[in-house]
Every structure is written in C-alpha cells, then in structure tokens.
Amino acid sequence: MKTGESILTVDNLSVSFRTYSGIVKAVRGVSFELNKGETICIVGESGSGKSVTVKTIMGILPPSAVIESGTINYKGMDLTKLTEEEYARIRGKEIGLIFQDPLSSLNPLMKIGRQITEALLIDKEMSKREAREAAIELLGAVGIRDPEQRFEQYPFQFSGGMRQRVVIAIALARNPEVLICDEPTTALDVTVQARILNLINELKQKRQLSIIFITHDLGVVAHMADRVYVMYAGKIVEYGTAEDIFLEPAHPYARALLASVPDMETEGRLASIPGAPPNMLHPPTGDGFAPRNKYAMQIDFEEEPPMFRISDTHYAATWSLHPSAPEIPMPDVLRERIRRMKEGGANR
Amino acid sequence: MQIDSRQPILEVENLRVVFASGRGRKRIQVNAVDGVSFEIYQGETFGLVGESGCGKTTLGRTIVRLYSPTSGTIRFRGRDVSGPMTKELRQYITDNMAMIFQDPVESLNPRMTVQEIIEEGLKVRGIKDPEVRQEMVFDILSKVGLTREHASRFPHEFSGGQRQRIGIARALIVKPSFVIADEPVSALDVSVQAQIINLMNDLKSTLGLTIMFIAHDLSVVKYFSDRVGVMYYGKLVELADSGELYRNPLHPYTRSLLSAIPQPNPLTERHRETISYDPATAHDYSAEKPSLREVCPGHFVYCSESEFERYFDRQQTRASMA
C-alpha cells in the first residue's frame with residue numbers, strides 16, 4: 001500500500017433525499033480518504049449509498065437531495081460549500097467521472113469527435129484544430145484503432161466496449177487528477193471488461209491518477225483495489241487493504257457477502273444472506289446488518305457500533321470486535337476459500 | 001455430477017435461426033443461431049454461456065417457440081416441436097416448457113396483482129374454478145419462499161429478489177418438466193443471487209425439473225450446471241461436463257473467456273493474464289471445414305481435422321499425466 005498524501009478526504013458525510021413517502025437517508029456519516037496514486041474500491045449492494053456518495057463528490061446530486069452534514073476536502077477546498085460556478089472548474093478538470101452505461105452517457109446525435117473536443121474547448125485554451133489533434137491522440141491512448149476515422153463517427157457505430165473507451169477518453173480529456181468510475185464495466189461482457197479494467201490500470205500508471213472505483217463485483221474489486229471500503233445501509237462498515245478485506249474480513253456483512261459469491265471451486269449449497277437490505281426510509285438503529293445476521297447480539301439492534309481498529313490499515317464497525325464480545329466463527333465456505341487463497345491454489 | 005438416466009429430454013439438431021431485414025440490395029441477414037446441435041438430458045442443468053449477441057437468448061427463445069427456426073429440428077421427448085405452429089403444438093409446448101426471464105421488473109405486468117400474474121397460465125389451461133386456482137397459487141408461493149399474503153399485492157411492492165421469485169412461481173405453476181432460465185440472476189444483488197440460485201436448486205430436485213440455464217456469469221454457471229455449452233457468434237464452440245470444461249478448456253475462445261473472469265482473490269487477481277481471442281488468426285478454415293467433434297467422451301469442440309488432432313494429443317498428454 002502507498003502511504004502517500006491524501007488527495008481527497010470525505011468526513012462524516014450524510015445525504016438525504018426528500019421524497020413523497022418521507023426522507024430517505026441514503027448516506028449516513030461516511031468518511032474515507034483517497035491517497036495520491038491509489039485505487040480505492042467502494043463495494044456495496046444497490047441502495048447502499050455508494051453512488052450517492054460519489055455524486056456528492058461530483059456535485060451532481062438531484063434537487064431533492066440535501067447534504068445534511070459533513071465535508072469533502074479536496075486540495076484545501078470543501079466541495080460541499082462550492083457554488084455551481086466554482087464547481088464547473090473542478091468537474092472534469094480536477095475530478096473526472098465514468099458512468100456505468102456507456103450508451104446513455106454519450107449523445108447519440110453528436111459525432112464522437114465533437115463530444116471529446118467539447119470537453120477540451122471548455123477552458124478556451126485551445127484552438128479547434130489543436131482540440132481535434134488532442135482528441136485523436138486521446139482516442140488512440142484509450143486503444144481505439146483508426147482514431148482519425150472514428151473521430152467522424154456516431155456512437156451507434158461503436159460497440160459497447162468501444163463506447164466505454166470513448167467515455168474514458170472524454171473523462172480524461174481535461175487531465176483530471178482524480179478519476180471516479182461508477183460501475184464502469186457492469187454493462188459489458190467479461191472479455192471486454194477485462195480489457196477495460198486493464199486500460200484503466202494502464203492509464204492510472206501513465207497519468208498518475210487516483211481512482212475511486214465503485215462496483216458490486218468482488219472479482220473486479222480484487223483486480224483493481226489497493227484499499228477497499230465496504231458499504232451497507234448508507235454506512236461504511238469495514239475498510240482495509242484488499243488483502244485485509246479478502247483474507248481477514250471482520251464485519252458480518254463483509255463475510256456474508258464474500259461467502260455468498262461462488263468461485264470456480266464452490267460446491268454444495270451457496271451461503272446466501274437471508275432477507276433483503278433495509279429500506280432507507282426507516283433506517284435501522286444499531287448495526288444495519290443485524291436483522292440479517294444470525295450471530296447478532298442484543299446490542300447490535302440497539303446501539304451503533306464504533307469503528308474498531310484491527311490493524312493500522314484495517315478497521316471495522318461491528319460489536320463482535322469488542323473485547324467482551326463472544327468469538328464469532330467465520331462461515332465455513334469462506335474459511336476454506338481463504339485457506340486455499342493463502343496456499344495460492346484458489347485459481348488455476 | 002453424473003446423471004444416471006442419460007435420457008435426452010430435448011434434442012436440437014442443426015438448428016439455424018436467421019433474422020433478416022430490408023430487401024433487394026439492402027437485405028441484411030443475421031445468422032443468430034448458426035447450425036447448433038446438442039442434447040439436454042432428463043434431470044440435468046444445462047448451462048449456456050457466451051457474450052451478448054452470441055445467440056444464446058435466441059436459442060432459448062426458439063426452443064420454447066417464441067421464435068421459429070429457419071431450419072433444423074428441435075425434438076422434445078422425441079416429438080418434433082420445430083414444425084409449423086398449430087394450436088395443439090402450442091398447447092404441448094406451454095404444457096411442458098416454461099421460461100424465467102432476466103429482468104424481474106420488466107417481465108411482470110405492473111397492473112396485475114401477484115395472484116393474477118401467477119394464475120394466468122392456469123386460466124389458459126382451462127382451470128375455471130377460482131378457488132382451485134387460488135389454492136394452487138398459495139401452494140406455489142410457499143414453494144418459492146413467499147407467503148399467501150403476498151398474493152394480493154402488486155409487483156412494485158416487492159424487492160428485486162422477491163420479484164424474481166414471483167417470476168419463478170409463474171413459470172412453475174403449470175408444472176413444466178423443462179425450464180429455460182434466461183439470465184435469472186444477473187439483475188440481482190450479489191447477496192440475493194445466492195438466495196435465488198439455492199431456490200432454483202431446491203425446486204429442481206423437489207419438482208424433478210430439467211433446466212437450461214443461460215448466463216454470462218461463468219462462476220455462477222460453473223456452480224449451477226452439470227454440463228456447459230459455450231456459444232460464439234451463433235455457433236456452439238465447446239460442450240462438456242462443467243468440471244471438465246473449466247479444468248480443461250480446449251477451444252481458444254473458451255480459454256479466453258475463462259481467463260477473463262475476475263476471481264475474488266487479490267493475491268492472484270492482480271497478476272492475472274487474460275488470453276485474447278481473434279477468430280481470424282486463431283483458425284485456418286480455408287482448407288478444412290470445421291465441425292463439432294468429440295475429443296474425449298462427452299467433451300465436444302468445434303474444430304477442423306488438424307485442430308482436432310492437436311486437441312486430441314493435448315487431451316492424451318493430460319490424461320497420461322493425471
């Protein structure tokens with residue numbers, strides 16, 4: 001792990017949505033840190049608040065959203081306090097964003113080239129000709145063949161993977177330092193996904209990017225992450241290096257999540273998590289995962305667990321780490337898999 | 001897993017499905033399924049994997065005759081079901097086969113209650129007594145892990161996993177013997193996926209189902225299926241027992257597909273090498289015509305004569321080393 005300086009710090013962020021049925025507490029006191037040159041993955045299920053968190057960072061929350069508390073510190077600025085005008089200088093230029101669906105994030109009526117030069121021309125520092133050259137270079141950099149011809153084409157003439165490359169090119173056009181990837185490969189086939197992930201890693205090396213990567217695919221997390229944050233019911237329940245999370249998961253949710261995914265060696269019954277994630281109109285008190293956790297103790301339902309320190313890099317918010325808590329066994333499937341991983345035989 | 005009674009329930013032979021649009025010089029023809037042959041045995045789970053656009057969904061939909069085959073035959077329990085659609089044939093197909101769809105939101109009518117959604121198939125089958133239908137709906141709801149109170153609610157009141165349970169109940173209420181599940185878990189959250197897969201496994205054994213499982217998530221297919229077929233651009237390129245296929249993939253496309261699956265293991269995952277596959281350079285079919293050949297018992301690969309020899313040799317060396 002890199003012990004570099006922190007480039008982006010989110011502190012105690014809470015975001016709610018006002019809806020007809022009441023207030024949805026989507027993010028409830030989230031804190032994390034992105035260090036220079038590292039990739040952090042935020043893992044969680046739909047509704048866990050991971051997308052809302054990054055939308056808050058980008059300042060693109062819908063009008064119904066309210067930032068209840070917290071700060072987002074980027075280079076000494078608090079992003080939650082910025083005006084729209086100031087934000088326009090951050091978005092794209094300092095922090096780039098790649099969305100999940102490459103089709104709906106491109107304008108179908110605009111040629112690919114113009115969608116990239118549009119970003120380049122915002123700053124008014126380039127002539128159109130220079131922008132064109134820069135855009136063609138970008139297309140080449142993200143691995144699109146014949147960029148000069150592709151420049152003149154429309155999104156429908158590109159395959160899903162190629163469209164995602166274009167989206168990455170647009171995100172990188174203004175040379176951001178931070179890149180946020182919100183499930184960038186979920187809509188893609190595995191072979192295409194592998195290529196896009198490698199491309200992101202390559203660009204990260206070349207351009208010294210710091211990446212926030214959001215996904216629910218634990219295999220992708222293992223491929224990308226230096227550090228991992230696990231989110232559940234609007235809170236971060238555990239974080240640590242990828243090794244910490246995959247080899248020594250502590251929070252019952254992190255364990256259950258890892259155990260429920262079949263890998264190539266899985267046989268017998270899958271360890272499914274009973275029930276469904278909580279409705280954030282009525283956020284749970286105590287540990288949000290307690291109703292689905294068969295080892296839950298009385299205190300899990302009553303009081304919110306603090307972050308317990310496991311090691312210098314590894315923290316988890318679960319009462320089971322309290323010194324007077326009983327020992328909770330790791331699920332069998334997971335214990336077995338971790339043993340295999342440590343022996344190095346989990347993969348071919 | 002060995003299936004004792006190797007009795008084919010479904011036989012697909014040289015099936016082709018062609019979609020065409022335009023006419024004259026503008027005519028475009030897409031060979032969505034291009035000469036596919038395979039059998040599915042009684043009581044097994046047959047997995048079908050491939051990338052989007054490879055024809056796996058078209059193949060599934062053609063088997064239940066949502067699409068008509070361009071040529072080739074489909075036999076179900078020995079009966080040809082690929083011929084012209086008659087009232088009697090439709091009845092036969094719907095009595096025996098059912099389908100579970102990918103998207104649990106889109107595939108349920110938002111204006112119908114769960115009861116109405118599930119019992120529709122019974123109505124079509126002429127079960128007129130509403131009380132009988134109600135009892136059957138309650139019965140199937142409890143089988144898929146829902147309660148009778150759920151019957152009067154609407155789809156939007158349910159979570160994704162529960163909606164998929166409704167979709168499963170709707171498919172199973174007509175007591176089919178063969179179910180095609182087209183990406184039944186890909187729209188669900190990871191923790192809910194496991195619930196649905198376990199449910200399908202339970203139902204398979206209690207109801208004696210044969211399942212064709214179409215998916216792109218190879219870890220799930222490996223876990224859930226007895227045998228797996230790999231499709232690429234309308235062709236079945238490899239077919240084997242799931243353990244054998246994952247241990248010993250022969251076709252270069254299968255190898256590239258397997259190498260691309262991210263595994264939840266940071267120790268090995270960061271250094272994973274992916275194999276890329278380019279059909280133009282991987283095969284030379286100018287001299288020899290490729291076909292689906294059996295390299296070792298139960299393991300079929302789409303290859304030419306010389307490739308077959310290569311695969312066969314590799315297979316032999318593997319076998320001698322083991």
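Chain A of this predicted model has a secondary structure that comes to 12 helices and 12 strands. Taken along the principal axes, the C-alpha atoms of chain A fill a box of roughly 70 × 50 × 40 Å. A compact globule of 348 residues would have a radius of gyration near 20 Å, and chain A, with 21 Å, agrees with that expectation.

Chain B can be described in the same terms. There are 12 helices and 12 strands in chain B, and the C-alpha atoms of chain B fill a box of roughly 65 × 55 × 45 Å along the principal axes. For 322 residues the radius of gyration of a compact globule would be near 20 Å, and the 21 Å of chain B agrees with this.

**Domains of chain A**

The domain assignment of chain A gives domain 1, covering residues 6-229, and domain 2, covering residues 245-343. The centres of these two domains of chain A, taken over C-alpha atoms, are separated by 30 Å. Where the two domains touch, domain 1 of chain A contributes 12 residues and domain 2 of chain A contributes 8 residues. On the side of domain 1 that touches domain 2, the elements of chain A that give two or more residues are β2 (22-35) and α8 (218-224), and β2(A) supplies the largest share of that side, with 5 residues. By class, the residues on this side of domain 1 of chain A divide into 5 nonpolar, 4 polar and 3 charged.

**Contact between the chains**

The contact between the two chains takes 34 residues from chain B and 36 residues from chain A. On the side of chain B that touches chain A, two or more residues come from each of the elements α6 (190-207), α7 (218-224), α9 (252-259) and α10 (266-269) of chain B. Among these, α6(B) gives the most to that side, with 7 residues. The residues of the side of chain B that touches chain A divide into 15 nonpolar, 13 polar and 6 charged.

**Helix packing**

| Helix pair | Angle | Distance between axes |
|---|---|---|
| α6 (160-172) and α7 (190-207) of chain A | about 20° | 10 Å |
| α3 (114-124) and α5 (160-172) of chain B | about 30° | 7 Å |
| α3 (112-121) and α4 (128-141) of chain A | roughly 120° | within 9 Å |

In chain A, helices α6 and α7 pack at an angle of about 20°, which means that α6(A) is roughly parallel to α7(A). The crossing of α6(A) and α7(A) is right-handed. From α6(A), the residues Gly160(A), Gly161(A), Gln164(A), Arg165(A), Ile168(A) and Leu172(A) meet Val192(A), Arg195(A), Ile196(A), Leu199(A) and Leu203(A) in α7(A). The residues of this contact of α6(A) with α7(A) divide into 6 nonpolar, 3 polar and 2 charged.

In chain B, the angle of about 30° between α3(B) and α5(B) makes α3(B) roughly parallel to α5(B), and the crossing of α3(B) and α5(B) is right-handed. Their contact is made by Val114(B), Ile117(B), Ile118(B) and Gly121(B) of α3(B), together with Ile166(B), Ala169(B) and Arg170(B) of α5(B). Sorted by class, the residues of the contact of α3(B) with α5(B) are 5 nonpolar, 1 polar and 1 charged.

The remaining pair in the table belongs to chain A, where the axes of α3(A) and α4(A) come within 9 Å and cross at roughly 120°. The crossing of α3(A) and α4(A) is right-handed. On the side of α3(A), the contact is made by Gly113(A), Ile116(A), Thr117(A), Leu120(A) and Leu121(A), while α4(A) brings Ala131(A), Arg132(A), Ala134(A), Ala135(A) and Leu138(A). The contact of α3(A) with α4(A) has 7 nonpolar, 2 polar and 1 charged residues.

Notes
Residues are numbered from 1 along each chain as its sequence is written. Chains are lettered from A and ligands numbered from 1 in the order in which they are written. This is a predicted model: local features need pLDDT of at least 70, side-chain atom pairs count only at pLDDT 80 or more; totals for chains, interfaces and linings use all residues. Domain bounds come from an automatic or database domain assignment. Two residues are in contact if their C-beta atoms, placed from the backbone, lie within 7 Å. Helices (H or I, at least four residues) and strands (E, at least two) are DSSP runs, numbered from the N terminus. Ala, Val, Leu, Ile, Met, Phe, Trp, Tyr, Cys and Pro count as nonpolar, Asp, Glu, Lys and Arg as charged, and the others, Gly among them, as polar. Axes are lines fitted to C-alpha atoms, for helices over the stretch in contact, and angles run from 0 to 180 degrees between N-to-C directions. Angles under 35 degrees count as roughly parallel, over 145 as roughly antiparallel, 65 to 115 as roughly perpendicular and the rest as oblique. A crossing is left-handed if the near helix is turned anticlockwise from the far one by less than a right angle, and right-handed if clockwise. The radius of gyration is taken over C-alpha atoms; the globule rule is 2.2 Å times the number of residues to the power 0.38.
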